[in-house]
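Here's a quick briefing to read with the model open in your viewer. Take the groups in any order you like.

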Amino acid sequence: MAARPKLHYPNGRGRMESVRWVLAAAGVEFDEEFLETKEQLHKLQDGNHLLFQQVPMVEIDGMKLVQTRSILHYIADKHNLFGKDLKERTLIDMYVEGTLDLLELLIMHPFLKPDDQQKEVVNMAQKAIIRYFPVFEKILRGHGQSFLVGNQLSLADVILLQTILALEEKIPNILSAFPFLQEYTVKLSNIPTIKRFLEPGSKKKPPPDEIYVRTVYNIFKP
């Protein structure tokens, strides 16, 4: 029996949360080894476990994978979440890249100065409503299917749902002008593997708090 994937990262969302999401959506059980100190990071670096000296790092199938997008692509491809042909994979990749640009704003938000955090919420809302959500609303309205590509769950759906739900934590009515995205979010949230991940007690991480921010600073500050 193959070993379960092991995720190396601090105990919080960050760039590893998308990896947790796609593993959960694929129904894959995984283990986590949380980084809590700079010494743990140095041990991974000194042991040549981190190709570019950075986390996230995922041990999977005898490999130590780094770089978030590469990790996501590998898991998605392995578990049939990356389309059936080159055209579908390209569309999925394009949608994921766009969504990750928006998600990056959420990842960095807790590390901003308090005075800048509310301004950034306004900025995130504007970008979501003006630049990103209209694109996905048009796609869903245009083909009348439940998923973004190929009428089956893909990495693009998983990352978009993750981003929408994280934005709704800060801006509850963010989808008020997007009825197709509202319906889409409900449908995806009720897929059995995703529904389990959204339930209390799962490995889905809560919104970042001061403890998480302080831990990250202590680990990664020069």
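Strand 3 and strand 4 make a hairpin, with two residues between them. In that turn, Asp61 has a positive phi of about 55°. Keep in mind that this is a predicted model.

- Strand 3 and strand 4 run antiparallel and pair over four bridges, and here Val58 stands opposite Leu65 in strand 4.
- Strand 1 also pairs with strand 3 (residues 57-60) in the antiparallel sense, this time over three bridges.

- Is Glu17 buried or exposed? Its relative accessibility is 2%, so Glu17 counts as buried.
- Leaving out residues up to four places away in sequence, Glu17 touches Gln162, Phe197, Lys204 and Lys205.

**Helix 9**

- Helix 9 covers residues 210-220, and its Tyr212, Val213, Val216 and Ile219 are buried.
- Looking down the axis of helix 9, you'll find its buried residues within an arc of 130°, so they line one face of the helix.
- Glu210 and Ile211 sit on the other side of helix 9, and they are exposed.
- What covers the buried residues of helix 9? The cover includes strand 1 (6-9) and helix 2 (38-46).
- The N-terminal end of helix 9 is capped by Asp209, with a side-chain oxygen 3.2 Å from the backbone nitrogen of Ile211.

**Leu100 in helix 4**

- Leu100 is found in helix 4, which runs over residues 86-108.
- With a relative accessibility of 10%, Leu100 counts as buried, because the cut-off for that is under 20%.
- Apart from neighbours within four places in sequence, Leu100 is in contact with Ser18, Arg69 and Ile159.
- Leu100 and Leu160 are 60 residues apart along the chain, yet their C-alpha atoms are separated by 8.4 Å.

- For background, most residues other than glycine have a negative phi, and most peptide bonds are trans.
- A cis peptide bond joins Val55 and Pro56, with omega at about 15°.
- Where does Pro56 sit? Look in the loop between helix 2 and strand 3 for Pro56.
- Asn48 is in the loop between helix 2 and strand 3 too. Although Asn48 is not a glycine, its phi is positive, at about 60°.
- Asn48 has a relative accessibility of 67%, so it counts as exposed.
- Asn151 is another residue other than glycine with a positive phi, near 50°.
- You'll find Asn151 in the loop between helix 5 (114-143) and helix 6 (155-170).
- Asn151 counts as partly exposed because its relative accessibility is 40%.

**What the UniProt record says**

- An unreviewed UniProt entry annotates residues 3-83 as "domain: GST N-terminal".
- Residues 3-83 are 36% helix and 20% strand, and the C-alpha atoms at the ends of the span lie 26 Å apart.
- The unreviewed UniProt annotation "domain: GST C-terminal" takes in residues 85-208.
- Over residues 85-208 the chain is 70% helix and 0% strand. The end C-alpha atoms of that stretch are 37 Å apart.

Note on methods. Residues numbered from 1 in each chain as written. Predicted model: local features only at pLDDT ≥ 70, side-chain atom pairs only at ≥ 80, totals over all residues. Heavy atoms only, no water. Buried < 20%, exposed > 50% of the residue type's maximum accessible area, 1.4 Å probe, protein only. Contact = heavy atoms within 4.5 Å. UniProt positions renumbered as here; feature names shortened; annotations may be inferred. Arc of directions from axis to C-beta. Polar contact = N/O pair within 3.5 Å; in protein donor to acceptor, adjacent residues only side chain to side chain. Pairing = 2+ DSSP bridges.
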